[in-house]
Amino acid sequence: MNNDPASVREFFGGKADTWDSKYPDDTPAYEAGVGELELRPGQSALDAGCGTGRALAALRTAVGAPGTVIGVDLTPQMLRAAARAGRDRLALLLEADAARLPLRGKSLDAVFAAGLVHHLHDPGAGLREFARVCRPGARLALFHPIGRAALAARRGHTLTDDDVRAEPNLRPLLAAAGWRLTRYDDAPDRYLALAVRLDG
Ligand SMILES: C[S@@+](CC[C@H](N)C(=O)[O-])C[C@H]1O[C@@H](n2cnc3c(N)ncnc32)[C@H](O)[C@@H]1O
């Protein structure tokens, strides 16, 4: 897939209505992934590329009623499916490009991005945008409920060395964008790259 906005919308627009029923058993993995952000009540979190909002309940539970949860996605059908599932009561849902967020600088404590970074047209620019909207010390979780190899096998793809999610590619990209990679886990049952926002 070409990662320009129109192609992303076309690709994911057709998948929105069946997205949740296709992956019904992922909720515990999302809860554990969100847990790695170590959010506290009252904090602010973004779900970037939120899709149907599968992480939003866990994010809301983590920050509680006084906290802020925002879900951003390029594909309106995904956001409509999130709203139909009642997840618009858990978070503010915005149709926007994750690489051009309609958010103030240094306003967030965490960004959760599941299955997003390899869909970004310019992943480095996306990571810089996440850094812009995050406070120093904020956390970023790049997540997927299965690892890269398992995902590639599911899709009939072969992993290539230029995959942005591979640690040798991701670590310097994060560093150049203002993040320090603190944990990298690419196991069969989950992909998690955890990073902390550096000062500056
Ligand atoms: C693989 S899906 C994951 C959805 C959701 N995070 C989940 O785990 O169920 C990727 C999502 O990212 C969205 N997306 C892709 N590129 C985007 C961008 N530049 N800005 C915002 N959303 C984007 C797609 O519309 C799609 O909903």
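In which sense do β2 and β3 pair, and over how many bridges? The legends below start with that pair. This is a predicted model, in which local features need pLDDT of at least 70, side-chain atom pairs count only at pLDDT 80 or more, and totals for chains, interfaces and linings use all residues. Residues are numbered from 1 along each chain as its sequence is written.

**View 1. The pairing of β2 with β3.** β2 and β3 pair in the parallel sense over four bridges; two strands count as paired if DSSP finds at least two bridges between them. Helices (H or I, at least four residues) and strands (E, at least two) are DSSP runs, numbered from the N terminus. D73 stands opposite E95 in β3.

**View 2. The open sheet.** Seven strands form an open sheet with mixed pairing, in the order β3-β2-β1-β4-β5-β7-β6. β3 (92-95) and β6 (179-187) are the edge strands, each pairing on one side only. From one strand to the next, the twist averages 15°; angles run from 0 to 180 degrees between N-to-C directions, and axes are lines fitted to C-alpha atoms, for helices over the stretch in contact.

**View 3. Helix α3 on the sheet.** Helix α3 (residues 27-35) lies across β4 (108-114), β5 (134-144) and β7 (190-197). Helix α3 runs at about 20° to β7. Contact means that the C-beta atoms of two residues, placed from the backbone, lie within 7 Å.

**View 4. The ligand shell.** The ligand is surrounded by 19 residues, the closest being G49, G51, T75, A114 and G115; a residue is near a molecule if its C-beta atom, placed from the backbone, lies within 6 Å of it. α1 (5-13) and β2 (68-73) each supply at least two residues of this shell.
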